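Hi,

Here's the structure I promised to pass along. Have a look below, and then I'll tell you what turned up.

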Amino acid sequence: MKLPKHVRVAGYNCNIVRAPLDGDFGAFDANTNTIEIDDAISSDALEASTVLHETVHAIMHIYRIKVPDEEALAEILETALLQFLKDNKTLVRAILKALK
């Protein structure tokens, strides 16, 4: 999957880099606003899921969302958003068109 160099969250660029990660698919570095994706991932679906998951972490950090279990919330939102995007392509296209 071709990833962008960064994603925008609340006006901040969060860089996306591929890196060797020991046992994790991805990580978000709050000090540098960097999303790291394990360079060993070979599945586009897993890479997309991981990028979205780490973007959720970035959103929680940048918007200062504090929850007792951040990882659990990131996993739930990742799954829910991926399914929503997959099931509602027409709506997603319409929203993107309206926001141009």
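Predicted model: local features only at pLDDT ≥ 70, side-chain atom pairs only at ≥ 80, totals over all residues.

What does the side chain of Glu 78 make a polar contact with? That would be the side chain of His 53, at 2.7 Å. Glu 78 sits in helix 2, which covers residues 70–87. If you skip its neighbours within four places in sequence, Glu 78 is in contact with Ser 49 and Leu 52 as well as His 53.

Now for the overall picture. The protein chain has 4 strands and 3 helices, in the order β-β-β-β-α-α-α from the N terminus. The C-alpha atoms fill a box of roughly 40 × 30 × 25 Å along the principal axes, and 31% of the residues count as buried.

As for the inside, the largest nonpolar core has 12 residues, among them Leu 3, Cys 14, Phe 28 and Ala 58. Strands 1, 2 and 4 and helix 1 each give two or more residues to this core, with the largest share, 3 residues, coming from helix 1. Leaving aside its neighbours within four places in sequence, Phe 28 is in contact with several residues, including Cys 14, Ile 35, Glu 54 and Ala 58.

Cheers

Key
Residues numbered from 1 in each chain as written. Heavy atoms only, no water. Polar contact = N/O pair within 3.5 Å; in protein donor to acceptor, adjacent residues only side chain to side chain. Contact = heavy atoms within 4.5 Å. Core = buried A, V, L, I, M, F, W, Y, C linked by side-chain atoms within 4.5 Å. Buried < 20%, exposed > 50% of the residue type's maximum accessible area, 1.4 Å probe, protein only.
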